[in-house]
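Me: I am new to this structure. Please walk me through how to read its features, one at a time.

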Amino acid sequence: MKIAILPGDGIGPEITAQAVKVLNALGERFEMDTAEVGGAGYAAHGHPLPDSTLKLAKDADAVLFGAVGDYKYDGLERALRPEQAILGLRRELGLFANLRPAILYPELAGASTLKPEVVSGLDILIIRELTGDIYFGKPRGVRECPDGPFKGQREGFDTMRYAEGEIRRIAHVAFQAALKRDKRVTSVDKANVLETGQFWRDIVTDVHKEYAGVELDHMYVDNAAMQLVRAPKKFDVLVTGNMFGDILSDAAAMLTGSIGMLPSASLDANNKGLYEPSHGSAPDIAGQGVANPLATILSAAMMLRFTFGLTEQADRIDNAVKRVLAQGLRTPDIHEAGSTRVGTEEMGNAVVAALG
Ligand code: NAI
Ligand code: MG
């Protein structure tokens, strides 16, 4: 069980250190190696995704990624910017499935902007296709408009495309994930308007035939956006394309109101994966020992669940996180009256102690 640890920039090193500590406390035999990525990669090797780092990530079964980015690299040309590392890793590792759970622990219900009765106990999983759709479809560009009332003017255009195999593989990820949860999948598209949308719906419906134990329903993306804020707890697994998933997953993340709590996984076809918190490198609080490490610790739990099939160990981590929250321990980002304020390191230690 080889894990590449890529801490990155800003709070990345502080938060990954806590997740590594938790992994080490489980008593499993993980082989962990660390390498620089992002701004740290640029500083050490002149590139945000150095060859040595990419090799380590390719040779590993899973990558634990902190975060990349720092304002001090804002002046660099695009190809050398820290954020290119994450795009490069997705591409090079073929990570096409992005899994983002949105969980609101009852203890943190006050952190959401939504009424507690609407979101308390929320536990949904958004699955976003990550390597296709209008973000990558060709042709694209700016050209002379060939027809219609604006003929002859400049126009920008992109192409929405999804190949059958691309839809099939993400549909399988969704149904497989649902089997480990509440066994319900909602597929989100725009079949009423888009050819790609109807095709998506037809293929997902076809893949569903292999999963008799899972319930499938379809929803248009505009309605899905509405339902996510109206009654988010009705969802179990929501699967959708790259663009709709980009938007819906950020909306779903904010239902919980606490960016420091949300893990994510990006998987390839063989359950190799890159696991990272949903937040960035938070340069504003880097080095102060106050960053919330729970999103990264929960990302490590996802790694155990999805790449290594260590369900019991993943549950141990998830339950330990619930326990420290129940004990009232809070980093500043989730602090509220009556709770105990702790730093990054103390929070990591508390999770280790709560593993049982
Ligand atoms: P951010 O997520 O880093 O920070 C947004 C706000 O949330 C800040 O106030 C920050 O202090 C707070 N925050 C984030 N994580 C936290 C944690 N674990 N505990 C406590 N507070 C936390 O997003 P922002 O400010 O837009 O971007 C900062 C840098 O991160 C940029 O360079 C950006 O490009 C990069 N970024 C990297 C990502 C990645 O590595 N996958 C994802 C998003 C942004
Ligand atoms: Mg986004």
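Me: By class, which residues make up the shell around ligand 1?
Reply: Keep in mind that this is a predicted model. The shell around ligand 1 holds eleven nonpolar, six polar and five charged residues.

Me: Which residues come nearest to ligand 1?
Reply: There are 22 residues around ligand 1. Those that come nearest are G69, G260, H279, G280 and N292.

Me: What does UniProt place at residues 2-351?
Reply: The unreviewed entry gives the feature "domain: Isopropylmalate dehydrogenase-like" there. Over residues 2-351 the chain is 38% helix and 20% strand. The end C-alpha atoms are 23 Å apart.

Me: Which residues does the UniProt annotation "binding site" cover?
Reply: The unreviewed entry lists D222, D246 and D250. D222 is in helix α8, residues 221-230. D250 is in helix α9, residues 242-255.

Me: Is D250 buried or exposed?
Reply: Count the other C-beta atoms within 10 Å. A residue with 12 or fewer is exposed. D250 has 12, so D250 is exposed.

Me: How should I read a nonpolar core? Which residues have the most contacts inside the largest one?
Reply: Start with the general idea. In soluble globular proteins, nonpolar side chains tend to be buried together. Here the largest nonpolar core has 103 residues, and I127, A174 and A300 have the most contacts inside it. Helix α10, residues 294-306, gives the largest share of this core, ten residues.

Me: What is A300 in contact with, leaving aside its neighbours within four places in sequence?
Reply: A300 is in contact with A19, V22, L23, L64, Y275 and I317.

Me: Now the strands. How many residues of strand β5 are buried?
Reply: First, the general idea. In a regular strand the side chains alternate between the two faces of the sheet. Now the case here. Strand β5 spans residues 123-129 and is mostly covered, with six of its seven residues buried.

Me: In which sense do β4 and β5 pair, parallel or antiparallel?
Reply: Strand β4, residues 97-103, pairs with β5 in the antiparallel sense, over seven bridges. One position to look at is A97, which stands opposite E129 in β5.

Me: How many bridges join β5 to strand β10?
Reply: Four bridges join them, and the two strands run parallel. Strand β10 covers residues 237-240. Within this pairing, L125 stands opposite V237 in β10.

Notes:
Residues numbered from 1 in each chain as written. Chains lettered and ligands numbered in written order. Predicted model: local features only at pLDDT ≥ 70, side-chain atom pairs only at ≥ 80, totals over all residues. UniProt positions renumbered as here; feature names shortened; annotations may be inferred. Buried ≥ 20, exposed ≤ 12 C-beta atoms within 10 Å, placed from the backbone. Near = placed C-beta within 6 Å. Nonpolar A, V, L, I, M, F, W, Y, C, P; charged D, E, K, R; others polar. Core = buried A, V, L, I, M, F, W, Y, C linked by C-beta atoms within 7 Å. Contact = placed C-beta atoms within 7 Å. Pairing = 2+ DSSP bridges.
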